[in-house]
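Please take me through this structure in the viewer. Tell me what to select next and what is there.

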Amino acid sequence: MTAAVEVRRKPRKNVTLSIVAILLSIVVFVVPFVFILLTAVKSRQEASRLDFSWPTQFQFVQNFVDVVQARDYMLIIAFINSTILTVASVAIMVVLAAMVAFVLQRRRTRWTGLVNFLVLSGLIIPPAVVPTIWVLQKLGLFRTMPGLILVEVAFGLSFCILLFRAFIATIPRELDEAAIIDGAGPMRLFFRVILPLLRSVIITIVVVQSVTVFNDFVNPLYLLPGDQNATVQLTLYNFSSSYSTQYNLLFMDILLITIPPLIMFLFFNKRIVAGMTAGAIKG
Amino acid sequence: MEARPRTSVAGPAAPGRKKSPYPSWFYLPAAIVYAVLFLVPTVTSFYFSLTRWSIFDSQFIGFDNYVTFFREPALVSGLWHTVVYAVITSGLKVVLGLGLAVLLTSQIIGRGYLRSVVFFPVLVSTIGVGLTFTILMDPEEGLINESLSLIGIQGPGWLTDPSYALVSVALVDVWKGVGLATLIYIAGIVSIPQEYFEAARVDGATAWQNFRRIVLPLARPATFTVILLSLIGGLRSFDLIWAMTRGGPGFTSDVIASVIYKQYQAGFYGLSTAGNVVLFLLVTAIIFPLSRFLNSKEVDL
């Protein structure tokens with residue numbers, strides 16, 4: 001849009017509207033984050049007043065250390081757990097989904113209709129929680145990290161397959177044919193030829209799904225209970241009950257947990273936008 | 001496996017195409033995970049919802065769980081709250097998302113900043129947002145009511161007043177999710193060919209006519225996406241409600257997903273699963289017909 005508009009030269013920017021919009025955005029969207037930041041560095045008494053005010057004394061380091069040390073370094077364990085969960089589930093998800101999307105896009109068989117239906121179902125149907133626990137129990141995976149990882153994979157596949165399929169449709173088939181003539185089998189064709197070409201969409205999917213899995217609260221809550229297994233979202237929850245009066249620590253925790261998504265946002269803004277708006281335009 | 005194609009290289013055309021380069025077994029690894037951890041639970045939930053169940057053994061009791069579910073006013077109101085919550089969040093996300101998208105595609109100063117700041121909450125932990133707003137919405141000391149009192153308005157007990165709690169949580173959901181709706185609308189608006197706007201300009205169309213006759217109809221696919229996504233998310237919403245009110249005060253902000261969790265915690269696995277089946281039926285009864293209807297109304301640019 002911008003390019004075309006600039007050629008047409010419509011330079012009059014609406015200054016009043018801009019100022020109103022920016023002021024409103026500060027009140028509605030910026031203030032809550034500043035509130036988190038300010039409360040996180042306050043002393044305990046000051047934080048408990050819940051005021052939106054400048055701290056009289058900054059306790060950043062103190063609060064940071066307190067939060068990290070709380071409950072035998074639970075936050076550190078939780079960050080490790082969350083990292084393992086996120087990295088493993090997203091890695092598995094990406095490879096499995098790409099394989100499905102590749103065959104789904106390239107070859108029509110009697111399975112194609114069914115697979116498409118299942119992919120959409122995966123996006124729409126709310127997971128049945130307690131029966132999932134039952135299945136995991138039967139497999140001996142309930143309350144284990146591998147169990148939770150596989151559940152995240154199962155729930156995330158659909159979204160990944162849709163993005164991959166749309167992208168693979170833009171890769172010319174001639175490339176496959178050339179590789180096949182050169183003697184590549186399906187494995188080599190997929191892993192050596194196709195997968196490297198998916199780089200940009202893989203980055204998009206990795207970023208979006210990492211944020212989703214990292215922020216997931218429900219599945220760890222049901223499937224991986226217990227302090228030793230806590231993920232970061234659950235520490236937040238535990239902090240809020242055990243520190244009902246220590247708001248400074250609660251907000252320090254919120255702040256620390258917001259940092260990973262913030263980093264993703266700063267570095268991969270465009271990718272995230274591309275992934276999340278993929279459904280908007282029919283492609 | 002690798003050796004076989006190599007022998008067929010001799011005849012480059014390879015007419016006897018026995019093995020497809022796109023083998024169906026590529027579905028297999030994903031299919032196993034999906035079937036075991038998504039399909040099996042979904043299908044068995046129908047059976048388990050008809051039992052008294054303790055994970056280890058189940059006893060068939062017919063429709064008793066459903067009878068309990070629909071006799072208990074607290075649970076039935078959860079069903080109603082779910083629909084209200086989904087409709088409020090979905091509706092507001094459509095209206096505000098479209099408005100913000102029009103604003104953020106117009107000639108405005110600080111467009112990049114505005115886009116970022118509207119979108120960022122989407123990526124933040126739902127629980128973190130919920131806990132923060134619980135404190136901001138505190139009836140006595142919360143920032144929102146203190147600010148309102150400065151201009152002489154007595155703010156309500158957002159989360160403590162039974163008639164406001166559900167709506168308050170829904171508003172926070174909109175605060176967090178409107179960025180995604182806005183982005184989808186921006187993508188939709190940007191993809192509208194410029195010729196339409198130029199033709200409209202030649203004809204002397206007003207800004208409102210531009211919006212009403214060009215943007216609104218041609219951003220329709222974006223509207224459908226926003227409606228479907230936010231309804232799907234709204235109907236199964238749990239995190240935010242659990243973080244902010246836990247379904248309270250009383251049961252006034254309980255939704256099906258929080259009922260499921262409460263019954264699970266109380267050890268009523270059969271009843272909890274019955275809640276899940278109810279949610280499943282509600283979602284499919286709303287989403288599948290709606291998506292079919294919306295797809296049939298798709299327009300071409």
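Which exposed residues does the face of H5(A) turned away from its buried side carry? They are Gly113(A) and Phe117(A). Here a residue is buried if 20 or more other C-beta atoms lie within 10 Å of its own, exposed if 12 or fewer, and partly exposed in between, with C-beta atoms placed from the backbone.

This is a predicted model, in which local features need pLDDT of at least 70 and side-chain atom pairs count only at pLDDT 80 or more, while totals for chains, interfaces and linings use all residues. Residues are numbered from 1 along each chain as its sequence is written, and chains are lettered from A and ligands numbered from 1 in the order in which they are written.

**Stop 1: residues 112-124 of chain A**

Select helix H5 of chain A, residues 112-124. H5(A) has 13 residues and reaches 19 Å from its first C-alpha to its last, close to the expected 18 Å; the expected span is 1.5 Å times one less than the number of residues.

Now colour the buried residues of H5(A): Val115(A), Leu118(A), Val119(A) and Gly122(A). They sit on the same side of H5(A), because they cover an arc of only 100 degrees around the axis; the arc is that of the directions from the helix axis to the C-beta atoms. An α-helix has 3.6 residues a turn, so residues three or four places apart point the same way.

**Stop 2: the neighbours of H5(A)**

Show helix H4 (60-106) and helix H7 (145-168) of chain A, then helix H2 (28-48) of chain B. The buried residues of H5(A) pack against these three helices. Two residues are in contact if their C-beta atoms, placed from the backbone, lie within 7 Å.

**Stop 3**

Chain A has 13 helices and zero strands. These are DSSP runs numbered from the N terminus: helices are H or I, at least four residues, and strands are E, at least two. Buried residues make up 43% of the 283 residues in chain A. The C-alpha atoms of chain A fill a box of roughly 75 × 65 × 30 Å along the principal axes.

**Stop 4: annotated spans**

A UniProt annotation (unreviewed entry) marks "transmembrane region" at several spans of chain A, including 148-168 and 189-214. UniProt positions use the numbering here, feature names are shortened, and annotations may be inferred rather than shown by experiment. Select residues 148-168 of chain A: the span is 100% helix, with its end C-alpha atoms 29 Å apart. Residues 189-214 of chain A are 96% helix, and their end C-alpha atoms are 32 Å apart.
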